[in-house]
Amino acid sequence: MSEPEVVYLKDYLPPAYTVETTHLTFELAPEDTHVKATLRMKRHPEREAGVPLELFGANLDLRAISLNGEALPDSRYRIDGERLIIDDVPDDFVLDTEVVIAPEQNTALEGLYRSNGMYCTQCEPEGFRRITWYPDRPDVMAKFTTTVIGDKATLPILLSNGNPIDQGDLEDGRHFVTWEDPFPKPSYLFALVAGQLEVVESYFTTRSGRTVLLQLYVEPQNLHKTEFSMGALKRAMKWDKETYGREYDLDRFMIVAVDDFNMGAMENKGLNIFNSSAVLANPETTIDAGFQRIEGIVAHEYFHNWSGNRVTCRDWFQLALKEGFTVFRDQTFSADTNSAPVKRIEDVAVLRTQQFAEDAGPTAHPVRPDHFIEISNFYTLTVYEKGAEVVRMLRNLLGKETFRRGTDTYFERFDGQAVRVEDFVNTMADVSGIDLGQFMRWYEQAGTPRIDVAEEYDAERQEYALTFRQHTPATPGQVADSKLPLHIPVRMGLLNGRGNPIELAVGNERPGHEMVLELREAEERIVFKHVAEKPTPSLLRGFSAPVILNFPYTREQLAFLVKYDVDGFNRWDAGQRLAQEAIFDVMHAIQAGKAPTLDDTLLDVFDYLLKTPDRADRAVLAEMLQLPSEAYLAGQLAQVDINAIHDARAFVERSLAEQLHFHWQALYESNVTKAAYEPSFEQISHRALKNVALSYLCATGDEDALALADQQFKTATNMTDTRAALTQLVHRHAGKRADAALKAFEARWSHDPLVMDQWLTLQATQPHPEALDRVKALMAHPAFSLRNPNRVRALIGAFSQHNHVNFHRADGEGYALLADIVLQLNKSNPEIAARLVLPLTRYQRLDEAHQQLMRGALERIRNQSLSRNLYEVIEKALA
Ligand code: BES
Ligand code: ZN
C-alpha cells in the first residue's frame, strides 16, 4: 500500500467553513440506505474568503450534490480519497447531498451498521464520514435535526439524538420519527438506532426540579438484565450533581444495548450506545467484577455529557482532555460508591501492568500525541489511564476544593466550545495561582518517569534526608536527553519503630503526619528535622503520581509497612513488593538449578494477615492475599523468562497454600454467606475472600479441594461463585470434573452469548499446554464468531493477553495463531485487528529466540495489504 498520510498537531488550522445546522434524512434499508443531508454553512471568521470547501467521506455512493439549490456539475467538485473538494463557495451557503450506503455490509462497525437486525451507529472518532459527506472534525459543531424512516413492522423503534418533534405513518408500511437536538455538537456525537426493541423506563428528578425520562432499550430477551444499570445511572446522575455541580440538560436520556460493538460504550448526546457486555447484568449471568465494571462505564458515558459533549475537543490530539478527565471522574465515582482503597489498587494495577508496558514498548506515545496515521489507534491506556492520573495529580497539587473551583470555571468558561488540554490546565493554574507550566510536560513527554530515592539519617542532628533523582527513559521519537524533569507530587509520611506516624518538620513547615512533596528538579534533597530515630518512609501514598519509585527497602521494612502504614494503598503495595521479591528468589533458584524455598518474611506476613483479618477491610485483604500477576512481574524484569516467572509464581502460591492450609480452610468457611445475592460492597468482599481462599486450597491440587470447587460449582446461585469454581476446576486441570463442569455450563448457558464469552475466556486462559489446541477447537464452536468483537476478545484476546506460557510457546504456534486471526480481521474489522495485534509487539524484553518468532509473525502480517490501523501499529513495532 502507498504510505498513508501522517496528521500533525502542529498543522492544526481552524476549519474554513463551519456548519450552523445539519438536517439529515435516513431511509433505512440493509443494502441501500439513502442519506440526505442539508448543511447550512458559513465561512469561519478567522479564515479568509475563497478557501476551497473540504468534506470527508468514506465508502459513500454519491447520488446528488447541490449548492444553494443548484445541482453541481462534475467540474465544480472533485473527490480525492476521503476528501470531497469544492473550489469556490460563497461565505454563506446551503449544501445538499444524497448518498447511498450499505449498513448490512459494514463489518468494521464504524458509521451505520447492523447488529442482530438492528441499525445502529458508531461515529467517534471518524465514523460519521461513512454516513455522509461532512466536515467530520470535532471543532465543527452544529445543531442536528434527523428524520429516520423505516419499515414499521420490523423497525418499530426509531431513535436519534435529542427530542422527538414529529412522527407519523408513510406509504408502504413505513413510518418516520424526526428528532431535534438543541445542543450544537460535533458529528462524532451523532447517533441513530432503529429496531425491534423493548424499553425500560424510569425517572430522575434533578436538584433544580426538572424530571428527566430515563430509557434503556434492549432486545426482548435481555429485559431481565436492565435493573442494575438503571440504578447505576441514577447514582451517577446524583453523584455528578453533588461532586461537580453538573446537571443533565435534556428531557430524556436514552441508552441502547447492542451486541456488536468495537468498544465498551459511546457517549452520543442523549442517546448512549452500549456494548451489551457493558450494560446488561444479572446475578445469574454476571460476576461481581462485571457489575462494578458496568457501574463504572454507565457513569463514565453519563459524565461525558459535560466532560466531552458540552465541552468537547478541538481536535483528536486533545482526546485525553475528555477521556483522561472522564476516566478520573468515573474512578472517583466508583471509589465513593464502593471501597476507595480497592478501587485505587485495581486502577493502579492496570496502570502499572498495562500502561507501563505500553510506555516501554514501540507504541509508546505522550498523553497528548503529536502525530498519528489512524486516530482510532490512540484510544490507549496512555490517553485513558495515564491521562486520568495526570488529572488526579492536578487534584493532588491543588487540593480538593480548589480543584472543584477549577472544574466549575472550566465548564463555565468553555461551555459549547471545542478546546485544548491547555485550556483545562490553564484554568487550574488561574484558580489556584500555581504555575503549571512545567506540569504541561506530563502531556508531552512519553515514557514512565523513574524516581530513585536514597536516605541518610544523622542521629546526632536528628535529621533524616531523602534525595529524589528523577529521569524518564527514551521512547520512540523522544531521546532520553530531550526529556525534561517533571512536576511530581509525592504524598508521603514517616513511621517510627512502633509503627506510629512521625510529626513532619521540613524547613519552617509543620504539615502534620503527611505531606505532598512537589518535585520539580532532576535531583532534590529534602531534610526532615527533629526525627528522633531512623524512620521507615512511606512514599507515593495512594500512588500520587504515575511513576516507578525505587527505595531500597529491606524485607523487614516491607513487612512492617504491611502491618502499620496508615495508607491502605501503600500497605497493599508493600505486600506486593515483598511477594515479588519472594517470587524472584524462587525464579533465580530454579534458573540456577537449585532447590527453591519460600521466603520466611512473606510467609509471616500472610500468616499475620490471615490471623488478624480485621486489620484491613475485607475487600482490601482479598487484594493483599493475591500474588502479583505474571504480566506485572514480567514488567519488572529487564530480561523476561516467561516460563520461569510462571513456575516461580506457582511455587510460591503452592507453598503458601500448603503451609497455611488450615487458615485458607477457615477463611473459606467464614466467608460463605447464605443471604440472597446482591452486588453490594459488603457481599462482594465476602465472596472475594472466599474465592481467594478457594484458589489457594485448589493450588495444592488436593482431591478434597477440587471436590470443594466442584461442590461450589454445583450449588452456586450466582455467576461469581460459579465462575470462580469453574476456573479452579479448569485451571488446576481437574480432569473429568473439569470436563463435566464445562459441559454442564455450556448446556445451561448456550443461549446467552455474554455468559458463553466467560466460558470461552476461562478455557483460553488455562495454563496447561493443551490451551492452544483448545482455543483452535473453540474457534469452530457455535458460541464463537470472528464477526463479533466480544467473542474475539473473549477467546483470542484472553489467550494472547492472559495466557503467557501458552501464547509464548517455544514453537511460535501461539504467535502464528494470533497473526492468522489479525490478518483475517484486517479486512473485516481493522480497528479490532490493530488492538488485537498489540501483544505481538511486546517482544523487547524477551530472549532472542522469542523475539525472532514474534518479529517473524509481525513480518508475515506486514507482507499483506494492510488497513491504515494495522499499518501504523506494525510499522512502529518493526521500526
Ligand atoms: N468515547 C469512548 C468510546 C469510543 C472509544 C469511541 C474509541 C470510539 C473509539 C467512551 O467514552 C469510552 O471511553 N469508553 C470506554 C469505557 C470507559 C469506561 C473507559 C470503552 O469503550 O472501553
Ligand atoms: Zn470516554
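This is a predicted model: local features need pLDDT of at least 70, side-chain atom pairs count only at pLDDT 80 or more; totals for chains, interfaces and linings use all residues.
A polar side-chain atom of E124 lies 2.6 Å from a nitrogen atom of ligand 1.

**Ligand 1**

There are 15 residues around ligand 1, and those that come nearest are E124, G264, E267, E301 and Y384.

| Residue | Atom of ligand 1 | Distance |
|---|---|---|
| E124 | nitrogen | 2.6 Å |
| K322 | nitrogen | 3.4 Å |
| Y384 | oxygen | 2.7 Å |

For reference, six octahedral donors would ideally give angles of 90 or 180 degrees. H304 belongs to the loop between α2 (288-303) and β22 (312-313), whereas E323 belongs to helix α3 (residues 319-337), so the pair ties together parts that are 19 residues apart in sequence. Both H304 and E323 are buried.

**Helices α24 and α27**

Helix α24 comprises 16 residues (813-828); at 1.5 Å a residue it should span 22 Å, and the 23 Å between its end C-alpha atoms agrees with this expectation. Its buried residues include G814, Y815, L817, L818 and A819, and also I821, V822, L823, L825, N826 and S828. These buried residues pack against α21 (771-778), α22 (789-802), α23 (804-807), α25 (830-836), α26 (848-862) and α27 (868-878).

In α27, eight of the eleven residues are buried, so this helix is largely enclosed by the rest of the structure. The buried residues in question are N869, L870, Y871, E872, V873, I874, A877 and L878. Among the elements that cover them are β23 (371-372), α24, α25 and α26.

**Leucine 754**

L754 is part of helix α20 (residues 753-764). With a relative accessible area of 16%, L754 counts as buried, because the cut-off is under 20%. Apart from its neighbours within four places in sequence, L754 is in contact with K225, S276, S277, L280, N790 and R791. Y457, by comparison, is 297 residues from L754 in sequence, and the two C-alpha atoms are 57 Å apart in space.

How values were computed. Residues are numbered from 1 along each chain as its sequence is written. Chains are lettered from A and ligands numbered from 1 in the order in which they are written. Side-chain values use heavy atoms; hydrogens and water are left out. Helices (H or I, at least four residues) and strands (E, at least two) are DSSP runs, numbered from the N terminus. Buried means under 20% relative accessible area, exposed over 50%, partly exposed in between (1.4 Å probe, protein chains only). The expected span of a helix is 1.5 Å times one less than its number of residues. Contact means heavy atoms within 4.5 Å. A residue is near a molecule or strand if one of its heavy atoms lies within 4 Å of it. A polar contact is a pair of N or O atoms within 3.5 Å; within protein, one must be able to donate a hydrogen and the other to accept it, and residues adjacent in sequence count only if both atoms are side-chain atoms.
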